[in-house]
Amino acid sequence: MKILVINAGSSSLKYQLYDMTAETVLASGSVERIGMETSIVTQAVPGRPDMREVSEILDHVTAVKRLLDMIAHPEYGVIESIAEVQAVGHRVVHGGEVFKQSVLVDETVKLEIRQLFDLAPLHNPAHMMGITAVETNLPGVPQAVVFDTAFHQTMPEVAYLYPIPKVLYRRHKIRRYGFHGTSHHYVSDQAAELLGRPLDELKMISCHIGNGASCTAIQHGVSVDTSMGLTPLEGLMMGTRSGDLDPAIVPFTMNKEDLTLSDVNSMLNKHSGLVAISGLSSDMREIEEAMAEGDRNARLAFDMYVYRLRKYIGAYTAVMDGVDALVFTAGIGENSSSLRAEVCKNLSYLGVKLDDAKNGMRTKKPREISAPDSRVRVLVIPTNEELLIARDTYKLVTEQASSLSGQREEGTDA
Amino acid sequence: MAVRKVGVVGAGTMGRGIAEMLAFKGLDVLLVEKTESNLELGLATIAQSLDKQIDKWALTQAEKKLVLNRIHPTHTLDELAECELIIETITEELEAKLAVMRELDRAAGAETIIASNTSTLSLTELASVTEHPQRVIGLHFIHPVSHIDLVEIVRGLKTSESTFDATKHFVEKIIHKKGIMVFESPGFVTTRLICLHINEALKVLEEGVASEEDIDSAMRMGYSFKYGPFEMCDRFGLDAVQAALENMFHEYGELKYRPSIVLKKMVRAGQLGVKTGAGFFNYDKDGDRI
């Protein structure tokens with residue numbers, strides 16, 4: 001079965017076409033600058049030169065049409081006809097409390113995603129445009145939605161409630177949701193496989209450290225706590241986001257600096273984190289380069305970043321009463337050996353011991369980087385959210401097909 | 001109607017503010033000024049305003065670049081032919097506005113909506129010099145445009161229902177501001193009420209009832225105004241307030257609209273408020289109170 005995975009943003013759309021027989025990526029690409037006269041479609045097919053096309057794409061419907069033309073192109077395409085696309089899986093950032101797992105799209109699901117616009121005003125409306133655009137272009141093709149928040153719906157009340165007036169939870173659903181769920185879920189499965197132990201007897205802490213960063217306590221395969229909250233601002237220090245801080249800083253700063261709500265929102269989301277402390281960059285690679293040249297602010301930014309992450313690892317060890325494996329993933333987690341080394345340095349009390357040579361190895365493969373006598377196994381697992389979206393979509397579509405054929409058989413009996 | 005390109009005629013205080021706000025919302029803006037120097041000054045002031053927002057953490061350098069890239073300076077109204085909407089923001093003088101309206105009507109595409117940012121002049125009169133008065137409408141923005149989420153959508157006598165609907169859609173769905181519908185009347189709602197407020201404050205001052213500072217504190221703290229009447233007047237520009245009052249005095253003929261003597265005197269002395277560094281109070285070049 002061929003499955004198209006789509007991540008729709010407000011002015012861009014990324015896609016991958018999977019052949020589920022061996023879970024291979026046939027083509028991947030993106031449409032950028034949707035809504036402009038000079039939109040860019042790019043497509044990469046393994047073993048062939050990349051394609052790039054500039055044209056006017058004013059809406060998501062056209063964007064999806066263009067990407068379908070691209071994958072079924074007689075010369076550059078990878079399939080004979082778009083009829084080969086048997087299902088489409090979408091990434092959706094916010095699933096609220098309604099969606100505890102991936103689901104097939106129907107009218108009720110669409111309505112519920114719309115009702116969540118308030119909680120994710122930048123993301124969910126764009127995802128919705130992606131879903132409608134696929135409906136228009138591929139009528140009748142089943143679509144599934146995979147939520148960033150769904151994996152964390154297993155968090156207990158003690159972890160997801162904020163200690164603020166409870167009426168706010170009832171009225172506005174203000175609670176902790178957590179994000180990067182698809183990634184935490186994927187790497188925890190992979191980690192169990194790599195360790196050769198069943199997921200339901202493992203205590204794991206997964207660190208998704210990329211542009212955004214979050215840390216999750218995964219006990220027996222389910223998320224019991226995660227560092228992001230109502231929005232992706234809570235928790236770890238990030239490239240341009242502050243992460244945890246004293247909430248009183250918000251009104252205090254607004255008053256002292258005469259800031260509006262949107263100013264302070266932008267300050268905490270775009271002007272904080274690594275870029276604020278280093279004064280240089282939000283990119284960890286640049287921070288590390290500057291640090292190597294002796295830049296003190298870059299060093300401080302790096303140290304704070306590591307310190308705050310390590311605190312979460314300590315906290316989650318306490319939450320689960322132990323930890324069997326520590327998993328690093330995403331851009332920084334997969335690539336920065338010095339960050340991993342620094343984080344693990346002060347965890348010797350927990351029994352973490354890195355193998356420096358293994359940690360320093362550069363490879364794209366899932367691997368263990370702890371020493372043989374380390375009580376906690378430390379792993380690096382490249383994340384692959386698209387694959388998990390494709391898998392969930394595949395599962396939902398085949399289940400539906402078999403239940404439908406079951407119903408048909410029952411029908412003939414009667 | 002999908003609006004992607006908007007023409008803004010005039011790069012004065014309002015034109016700049018409108019152009020900056022539109023570009024920030026992701027629209028392409030054609031900004032028209034008569035002279036190269038005015039155009040340069042307009043763009044420089046927009047850049048300065050964006051820098052000020054960066055200082056307030058409201059914007060990043062990358063976002064500033066994007067916003068500026070969406071503003072295309074031009075000298076001729078002919079280039080506005082490709083715009084779906086044109087907003088005229090030139091000086092509040094009838095003859096000048098009529099001339100611009102005539103030219104816009106000729107230059108604009110048949111489907112284009114022509115809006116005026118006038119606060120006191122008659123929309124019907126502005127529309128009367130065009131061939132298609134049904135597509136002329138008022139869009140009265142309030143300074144500072146980026147921060148005030150209210151727009152008065154003004155209907156002239158011949159403004160068509162479809163022009164109004166498209167404009168309302170633009171205001172509420174594209175630039176996400178609250179649009180209130182007002183029928184043509186000098187000063188509409190906002191200018192009429194606020195100029196009278198300022199004029200009355202001037203009378204209180206003339207009568208020696210209280211000082212500028214205390215009158216401002218009273219209204220700011222007592223009634224939750226962001227600025228008191230005098231600082232407000234400084235920020236609007238004393239000349240603009242005087243012009244608005246004179247237009248309304250002329251139209252309504254009521255004495256309450258007659259500009260205060262103190263106001264006239266200050267305008268004659270060139271003490272126009274924030275833009276000249278001094279009005280009722282003093283300001284630095286960033287427009288902050290000294």
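Helices (H or I, at least four residues) and strands (E, at least two) are DSSP runs, numbered from the N terminus. This is a predicted model, in which local features need pLDDT of at least 70, side-chain atom pairs count only at pLDDT 80 or more, and totals for chains, interfaces and linings use all residues. Residues are numbered from 1 along each chain as its sequence is written, chains are lettered from A and ligands numbered from 1 in the order in which they are written, and side-chain values use heavy atoms, with hydrogens and water left out.

Start with chain A and its helix 10, residues 284-292. Here A:M284, A:I287, A:A290 and A:M291 are buried, meaning under 20% relative accessible area with a 1.4 Å probe, protein chains only. Seen down the helix axis, these buried residues fall within an arc of 125 degrees, so they line one face of helix 10; the arc is that of the directions from the axis to the C-beta atoms. An α-helix has 3.6 residues a turn, so residues three or four places apart point the same way.

Just after helix 10 of chain A, A:G294 has a positive phi of about 90 degrees.

In chain B, B:S119 sits in the loop between strand 5 (113-116) and helix 5 (123-128). B:S119 is buried, at a relative accessible area of 14%.

Technical notes: Buried < 20%, exposed > 50% of the residue type's maximum accessible area, 1.4 Å probe, protein only.
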